[in-house]
Amino acid sequence: MKKSDKNKVDLAKAFRINGLLLPADESEVEAFERNLEADSNDPIDWNDPVKIIARGRVKKMSLKKNDIDDSSVENLSMAARDGKNISENVRKKMNEDRKKPK
Amino acid sequence: MEQSVEDLLLVISEQEIDVDGAKKAFTELYRKYAIFLNSAVAMHAKSKGVYDKNLVDNVVNNVFFEVHAHPLNFVFDEERHKSEEFAFKAWISQIARNEFSDLLRNSITYSTIQGHTIDDGIIERFAEIEVEEEILSDNRKALDKALSMLSDRDKHILLTCFDYYEDGKNTPSEVLNSLCEYWGTTKPNIRQVKKRSLEKVKSYLEKAVNLKAIK
């Protein structure tokens, strides 16, 4: 392996060790902790962790989309096209495709 | 004398024989590692734009419940691991990651997921993007700034794809399908958003931080 190769790390790893994603292995935890910002809130049931055992798994959870308007398919499609409007021909084709049996 | 993680987990595993001992061991383990996990989960949720206190509490709850339910799943191997503390933190981080994966799946309906498969090569691989480790490893600000150029939705899509990135492999089809359902869109759109977001991030890192992206 060339020296330059050894110094490369993929962007996924950079996100993980910088705290943007959860670390995946021991070495990433070590680097991650240097960037870890302590949360101002205490962990759940800090004073009585045994409550966690009694409570069991919390099943009713959902991911909220913070500060994001509900994005319609149309909006996201437009974003994917870099903000350009869809042409009549493409729209027609899409409508036809949607009607096709799956 | 302070007990090792493995010792504590062993006591927890014997909860049917010694209930009080197991509770005490669990409490000790929790007090030692919950702050790390709580902060890591909060940071992760914030960076993905899905933070709320209840979510963090629930993920931490479920991770430690899992630890309590399957304490012997953690194995410290002195030859493989260099620190029991870091190895355990990596393990609970992995469980938390799985919780987020379940969350994404459970936040959507499964109506269109079944039967979907992704052809190899449809989603380009992240390994194309590499940066200088010594510069980027301590440059959280640069990454934050690069990501701040994206909308919350695009950031969520990009980071979720990265979250399940494995070297040399495509984004798992299950994750892509979950994203499609979550955002109510199609795989080609997710692919386009991801590609463009990646280009923006890469371009910022090249220009502002003077990083050299390696293709």
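Me: How far apart do the C-alpha centres of domain 1 of chain B and domain 2 of chain B lie?

Reply: Good place to begin, and please keep in mind that this is a predicted model. The two C-alpha centres are 27 Å apart. According to the domain assignment of chain B, domain 1 covers 5-106 and domain 2 covers 126-208.

Me: How many residues of each domain of chain B are in contact with the other domain?

Reply: On the domain 1 side there are 6 residues, and they are in contact with 8 residues of domain 2 of chain B. Helix H2 (19-48) and helix H4 (84-106) of chain B each supply at least two residues of the domain 1 side. H4(B) gives the most, with 3 residues. Sorted by class, that side of domain 1 has 1 nonpolar, 2 polar and 3 charged residues.

Me: Now a helix, please. Which residues of helix H1 (residues 5-13) of chain B are buried?

Reply: A residue counts as buried if 20 or more other C-beta atoms lie within 10 Å of its own. In H1(B), the buried residues are Val5(B), Leu8(B), Leu9(B), Val11(B) and Ile12(B). They are on the same side of H1(B), because they cover an arc of only 155 degrees around the axis. These buried residues pack against H2, helix H3 (53-69) and H4 of chain B.

Me: And which residues are buried in helix H6 (residues 140-148) of chain B?

Reply: You can read H6(B) by its sides too. Its buried residues are Ala142(B), Leu143(B), Ala146(B) and Leu147(B). Their arc around the axis is only 130 degrees, so they sit on the same side of H6(B). On the other side of H6(B), Lys141(B) and Ser148(B) are exposed.

Me: Let us look at a single residue. Why does Ile95(B) count as buried?

Reply: Ile95(B) counts as buried because it has 20 C-beta neighbours inside 10 Å. This residue is found in helix H4 of chain B. Leaving out residues up to four places away in sequence, Ile95(B) touches Val63(B) and Glu66(B). Val67(B) is 28 residues away from Ile95(B) along the chain, yet their C-alpha atoms are separated by 8.9 Å.

Me: Which residues have the most contacts inside the largest nonpolar core?

Reply: To read a core, look for buried nonpolar residues that are joined to each other. The largest one here has 73 residues, and those with the most contacts inside it are Phe15(A), Leu37(B), Val41(B), Val60(B), Val63(B), Ile92(B) and Ala96(B). H2(B) provides the largest share of this core, 14 residues. Take Ile92(B) as an example: not counting residues up to four places away in sequence, it touches Tyr33(B), Leu37(B), Val63(B) and Val67(B).

Me: What about chain A: how many helices and strands does it have?

Reply: Chain A has 6 helices and 1 strand. Along the sequence, the pattern is α-β-α-α-α-α-α. Buried residues make up 28% of the 102 residues in chain A.

Me: Where in chain A is confidence lowest, and where is it highest?

Reply: Here you read the pLDDT, the predictor's confidence in each residue. For chain A the mean is 68, and 49% of its residues reach 70 or more. Confidence is lowest in helix H1 (residues 3-6) of chain A, at a mean of 36, and highest in helix H4 (residues 50-55) of chain A, at 94. Over residues 1-9 of chain A the pLDDT is below 50, and this stretch has 11 contacts in the model beyond near neighbours in sequence. Residues 67-77 of chain A are also below 50, with 16 such contacts.

Notes
Residues are numbered from 1 along each chain as its sequence is written. Chains are lettered from A and ligands numbered from 1 in the order in which they are written. This is a predicted model: local features need pLDDT of at least 70, side-chain atom pairs count only at pLDDT 80 or more; totals for chains, interfaces and linings use all residues. Domain bounds come from an automatic or database domain assignment. Two residues are in contact if their C-beta atoms, placed from the backbone, lie within 7 Å. Helices (H or I, at least four residues) and strands (E, at least two) are DSSP runs, numbered from the N terminus. Ala, Val, Leu, Ile, Met, Phe, Trp, Tyr, Cys and Pro count as nonpolar, Asp, Glu, Lys and Arg as charged, and the others, Gly among them, as polar. A residue is buried if 20 or more other C-beta atoms lie within 10 Å of its own, exposed if 12 or fewer, and partly exposed in between; C-beta atoms are placed from the backbone. The arc is that of the directions from the helix axis to the C-beta atoms. pLDDT is the predictor's confidence in each residue, from 0 to 100. A nonpolar core is a set of buried Ala, Val, Leu, Ile, Met, Phe, Trp, Tyr and Cys residues joined through C-beta atoms within 7 Å.
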